[in-house]
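Take a look at the model below. We will go from one residue out to the whole chain.

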Amino acid sequence: TISKPQSLTSSFVLIVGVVLMNEVIACLLNQFMTTMAEDKCKIAATLREEAAAANVSAIRAGPLDPILKKLLPYTSLDHLDHQIFQIWELIDLDGDNSLSLQE
């Protein structure tokens, strides 16, 4: 027969073992769920980046893009004003400070 101290010790070891096993399973499950959520976020971010890249490549260059590229790197408002004035001088062929259909 099993004595009372052995019975208590065996019961204690069995209960602690079950509790610890539940804790280990809970930690593993928590880590799995966290990893899956991170993976879903990474996949969603990749899909968003691919969609944004596709949208950027779908945008065609417009007729004013070369002029706008020249105007973009301005350093001050005076510099921008000077650049706009230079463009105006290029397109105002007859110098009358207006644009006609022929120009």
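Where is the place of Val16? Val16 sits in helix 1, residues 4-58. Helices here are DSSP runs of H or I with at least four residues, strands are E runs of at least two, and both are numbered from the N terminus. This is a predicted model: local features need pLDDT of at least 70, side-chain atom pairs count only at pLDDT 80 or more, and totals for chains, interfaces and linings use all residues. Residues are numbered from 1 along each chain as its sequence is written, and side-chain values use heavy atoms, without hydrogens and water.

Val16 is partly exposed, at 31% relative accessible area. Buried means under 20%, exposed over 50%, and partly exposed in between (1.4 Å probe, protein chains only).

Now the whole protein. It has 3 helices and 0 strands. From the N terminus, the order is α-α-α. The C-alpha atoms fill a box of roughly 120 × 30 × 15 Å along the principal axes. Of the 103 residues, 5% count as buried. The accessible surface (Shrake-Rupley method, 1.4 Å probe; for residues, only the protein chains shown count as cover) is about 9,300 Å², and 68% of that belongs to carbon and sulfur atoms.
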